[in-house]
Amino acid sequence: MILLRPPQANIMSFTLTVLLTGANGYLGCQITKALLERGHTVVGTIRSATKAQYLRGRFSQFDSSKLSFAVVEDIAKPGAFDDVLKSHNFEAVIHSGSPFVVDAKDVELDLYRPAIRGTVGILESVKAHAPTVKRVVVTSSFASINDLTKGNWPEHTYTEEDWSPITREEGLQNPRAGYTASKKLAEEAAWEFMKTQNPAFTLATICPPMIYGPPEQEIRSLSALNTSAAEVYAYFCGAREPTNRVWLWADVRDVALAHVLTAESSAAVNQRYLITAGNYSAQHFLDYIWEHYPERAISKSISRGVPGQLYPEGGVYKGDNSKSKRDMGLTYRDFDVTLKDMLARFVEVESAIDSGL
């Protein structure tokens, strides 16, 4: 389970007015919820005004004055965040609005531009137009830490000190490499901005690996899920064989809370965090589905994979999450809890779609 109010003295007890980018996304929706649960006021950016209605309904249990929205159609456009930053006295900014796309058609346009320009652009806008902002939290990725050239690297434990060696040129070779490079280059650009521009605010970056857990964002079609949820739903429908991109994972709710605690914590000033619950394998999904949804597994001819064989012979790398536990008091959900909640959400959405709701 997660500690909603860790008993650390370095966690703020007062509330903040927070600008959250990508508020309607898979992660952004959970960050919105975590902020509201902790009493903060949220201004969320969305790409179109139509996205606001669902979010207001989803979070109707909270004080409506604590949640509002601003339309930012293109986060990579120069000055994209200027207007919203000028219109409120923010204390913190959480930038989670960057794409997770592994099948991009154009790496430069679809990945590099929104990731790098979007990140640097919001830092520039905060510096120019938001003097009350003291903390900025940016969603990076384990992709910026992971060294793909090392493979499974069983003798290694990744920490915040690790950086992917991938170059901009290597990222242009294919979309998967492009995603990795985009996250690494965007985070590097953020830290370079802090070094050269010396703004009045501090920065922290959050580097999660694969993120799983119940999708709470608006889902009009199960064919239009975010990338990681779509992967699990494909297993749940017998449409995918087990494959692993990486060997580390985290629950979306834990990653969301990590963003909020980072904005609150005095220990998180100018820090980088690897947010991971530990190792996992795609075989976990199949084993869990066959144990808890056997009738569905049979009817949809879901693969069994190799039951119980979670990792390749020789083992895989690990991840060190001790910094997040020490600085924020963060604890992590178990994989079975995450799967239970995620698959139950899929069943709920299937039922709603089938009934026309």
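Colleague: How many aromatic pairs does the count come to?

Modeller: The count comes to 16 aromatic pairs. Keep in mind that this is a predicted model.

Colleague: How is a pair of aromatic rings described?

Modeller: Two values describe such a pair: the distance of the centres and the angle of the planes. Take Phe142 and Tyr158, whose ring centres are 5.2 Å apart and whose planes stand at 90°, so the pair is edge-to-face. Planes over 60 degrees apart are enough for that label.

Colleague: Which parts does the pair of Phe142 and Tyr158 tie together?

Modeller: Phe142 sits in the loop between strand 5 (135–139) and strand 6 (157–158), while Tyr158 belongs to strand 6, so the pair ties together parts that are 16 residues apart in sequence.

Colleague: Are Phe142 and Tyr158 buried or exposed?

Modeller: Both Phe142 and Tyr158 are buried.

Colleague: Which residues do ring pairs link into a cluster?

Modeller: The cluster holds Tyr212, Tyr235, Trp249, Tyr280, Phe285 and Phe335. Tyr235 is one of the buried residues of helix 7, and Phe285 is one of the buried residues of helix 9.

Colleague: Let us turn to helix 7. How many of its residues are buried?

Modeller: Helix 7 (residues 227–236) has eight of its ten residues buried, so it is mostly covered, a residue being buried when its relative accessible area is under 20%. The buried residues are Ser228, Ala229, Glu231, Val232, Tyr233, Ala234, Tyr235 and Phe236.

Colleague: What covers the buried residues of helix 7?

Modeller: The cover includes helix 1, strand 8 (210–212), helix 9 (282–292), helix 10 (294–299) and helix 12 (335–354).

Colleague: And which residue follows helix 7?

Modeller: Gly238 follows helix 7, and its phi is positive, near 70°.

Colleague: How do the axes of helix 7 and helix 9 cross?

Modeller: The axes come within 10 Å and cross at roughly 45°. Helix 7 and helix 9 are therefore oblique to each other, and the crossing is right-handed. Helix 7 brings Glu231, Val232, Tyr235 and Phe236 to the meeting, and helix 9 brings Ala282, Phe285, Leu286 and Ile289. By class, these residues divide into seven nonpolar, no polar and one charged.

Colleague: What do the buried residues of helix 9 pack against?

Modeller: The buried residues of helix 9 pack against strand 8, helix 7, helix 10 and helix 12. They are Ala282, Gln283, Phe285, Leu286, Tyr288, Ile289 and Trp290.

Colleague: Next, another helix pair. At what angle do helix 4 and helix 6 pack?

Modeller: Helix 4 (residues 107–129) and helix 6 (residues 175–197) pack at about 20°, and their axes are 9 Å apart. Angles under 35 degrees count as roughly parallel, so helix 4 and helix 6 get that label. Their crossing is right-handed. Residues in the contact include Leu111, Ala115, Thr119 and Leu123 of helix 4 and Gly178, Ser182, Leu185 and Phe193 of helix 6. By class, the contact has 15 nonpolar, four polar and two charged residues.

Colleague: Are helix 1 and helix 8 parallel or oblique to each other?

Modeller: Helix 1 (residues 26–37) and helix 8 (residues 252–264) pack at about 55° with axes 8 Å apart, and are therefore oblique to each other. Helix 1 passes helix 8 in a right-handed crossing. Tyr26, Leu27, Gln30, Ile31, Ala34 and Leu35 of helix 1 meet Val252, Arg253, Val255, Ala256, Leu257, His259 and Val260 of helix 8. Those residues divide into ten nonpolar, two polar and one charged.

Colleague: Now for single residues. What is phi of Trp153?

Modeller: Phi of Trp153 is near 40°, which is positive in a residue other than glycine. Trp153 lies in the loop between strand 5 and strand 6. At a relative accessible area of 18%, Trp153 is buried.

Colleague: Is Ser301 buried or exposed?

Modeller: Ser301 counts as exposed, with 59% relative accessibility. Ser301 is not a glycine either, yet its phi is positive, about 50°. Ser301 is placed in the loop between helix 10 and strand 12 (318–319).

Colleague: Where is Ala76 found?

Modeller: Ala76 is in the loop between strand 3 (67–71) and helix 3 (82–86). Its relative accessible area is 3%, so Ala76 is buried. Leaving aside residues up to four places away in sequence, Ala76 touches Arg113, Pro114, Arg117 and Gly118.

Note on methods: Residues are numbered from 1 along each chain as its sequence is written. This is a predicted model: local features need pLDDT of at least 70, side-chain atom pairs count only at pLDDT 80 or more; totals for chains, interfaces and linings use all residues. Side-chain values use heavy atoms; hydrogens and water are left out. Axes are lines fitted to C-alpha atoms, for helices over the stretch in contact, and angles run from 0 to 180 degrees between N-to-C directions. Helices (H or I, at least four residues) and strands (E, at least two) are DSSP runs, numbered from the N terminus. Angles under 35 degrees count as roughly parallel, over 145 as roughly antiparallel, 65 to 115 as roughly perpendicular and the rest as oblique. A crossing is left-handed if the near helix is turned anticlockwise from the far one by less than a right angle, and right-handed if clockwise. Contact means heavy atoms within 4.5 Å. Ala, Val, Leu, Ile, Met, Phe, Trp, Tyr, Cys and Pro count as nonpolar, Asp, Glu, Lys and Arg as charged, and the others, Gly among them, as polar. Rings of Phe, Tyr and Trp (its six-membered ring) pair if their centres lie within 6.5 Å; planes under 30 degrees apart count as stacked, over 60 as edge-to-face and the rest as tilted. Buried means under 20% relative accessible area, exposed over 50%, partly exposed in between (1.4 Å probe, protein chains only).
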